[in-house]
Amino acid sequence: RLVANSRAASPAAAEPASSSSSSSSSAPEGAWATTRSGFNQLEWAHELSKPEAGCLLLAHPYMFRERQTYFYQAVILLLDHGPDGSYGIILNRPTQYKVSQIKSTVHELLSLFSDNRLFMGGDCGDTAMVLLTPRDDVDGVTQVTEGVYHHNVHGAAAAVAAGTADPSDFRFFAQYAGWAPGQLEEECKSGVWFCTAASPALTLNAELSNGRAMWHAVLQVMGGECC
């Protein structure tokens, strides 16, 4: 449903309206705010020669204008990369939906996160749900890179129910972006994606997660190396 809606929209329509987004006038909550304030002075990014787990993929500015427009100026966090393929999540594609609107077999668990915004993570895995968090003290988290972790619904719900975590500590992504073995390397060599190493402060920046501002911000921090 999310992919179908995004395919029908133009690249401009993928940018959320300022009235409905979390702009700089609305401060991020929970651990996201802590990450932003604690590492703000350490925001950095630099280009990589090839993709690796934990890096950011920035879409070429002239790609995805007509097809797969949800990848237009996308910033993708690569969760895994290896001989068996690669997968990641789009960081800057929020939807108009809340987690409470998801029809799922784990609906009771999701009810703990009813106010969380749902992000579109990609176009693979119709029922896949990926949770991103800056918290390393939640049982069962998997480290993506230093300061960035992903989790599953059951583990996150258990932490919230136990009072050791807050719902705002997690960001929800429906589906993911995936590549077959060797596919991502070829796309990077062809210039479809720019590979970037970035600090947790930039990767988890809640103020930049609501549209193409993140794409521009990463390039700005890099000094326009990819332009």
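**Close-up views of a predicted model**

View 1. The model is predicted, with residues numbered from 1 along each chain as its sequence is written, local features needing pLDDT of at least 70, side-chain atom pairs counted only at pLDDT 80 or more, and totals for chains, interfaces and linings using all residues. Side-chain values use heavy atoms, and hydrogens and water are left out. Helices (H or I, at least four residues) and strands (E, at least two) are DSSP runs, numbered from the N terminus. At the start of H4 (residues 153-161), a side-chain oxygen of asparagine 152 lies within 3.2 Å of the backbone nitrogen of histidine 154. The buried residues of H4 are Val153, Gly155, Ala156, Ala157, Ala159 and Val160; buried means under 20% relative accessible area, exposed over 50%, and partly exposed in between (1.4 Å probe, protein chains only). Their cover includes helix H3 (107-110), S7, strand S9 (148-151) and strand S10 (171-179), where contact means heavy atoms within 4.5 Å.

**View 2. The largest nonpolar core.** A nonpolar core is a set of buried Ala, Val, Leu, Ile, Met, Phe, Trp, Tyr and Cys residues joined through side-chain atoms within 4.5 Å. The largest holds 25 residues, of which Leu56, Leu58, Leu77, Ile89, Leu91, Leu132 and Val218 touch the most other members. Two or more residues each come from strand S2 (56-59), strand S3 (75-82), strand S7 (124-133), strand S11 (193-198) and helix H7 (213-222). H7 gives the most, with 6 residues. Another core, of 21 residues, lies apart from this one and includes Cys55, Ile76, Trp179 and Cys188.

View 3. Two strands pair if DSSP finds at least two bridges between them. S2 and S3 run antiparallel and are joined by 3 bridges, with leucine 56 opposite leucine 77 in S3. Between S3 and strand S4 (residues 85-90) there are 6 bridges, again in the antiparallel sense. Leucine 78 stands opposite glycine 88 in S4. A hairpin is formed by S3 and S4, with 2 residues between them.

**View 4. Cysteines.** A disulfide is a pair of cysteine sulfur atoms within 2.5 Å, and the count by this rule is 0. Cysteine 195 is in no disulfide; the nearest cysteine sulfur, that of cysteine 188, is 3.5 Å away. Cysteine 195 counts as buried because its relative accessibility is 4%, whereas cysteine 124, at 23%, counts as partly exposed.

Definitions and conventions: Polar contact = N/O pair within 3.5 Å; in protein donor to acceptor, adjacent residues only side chain to side chain.
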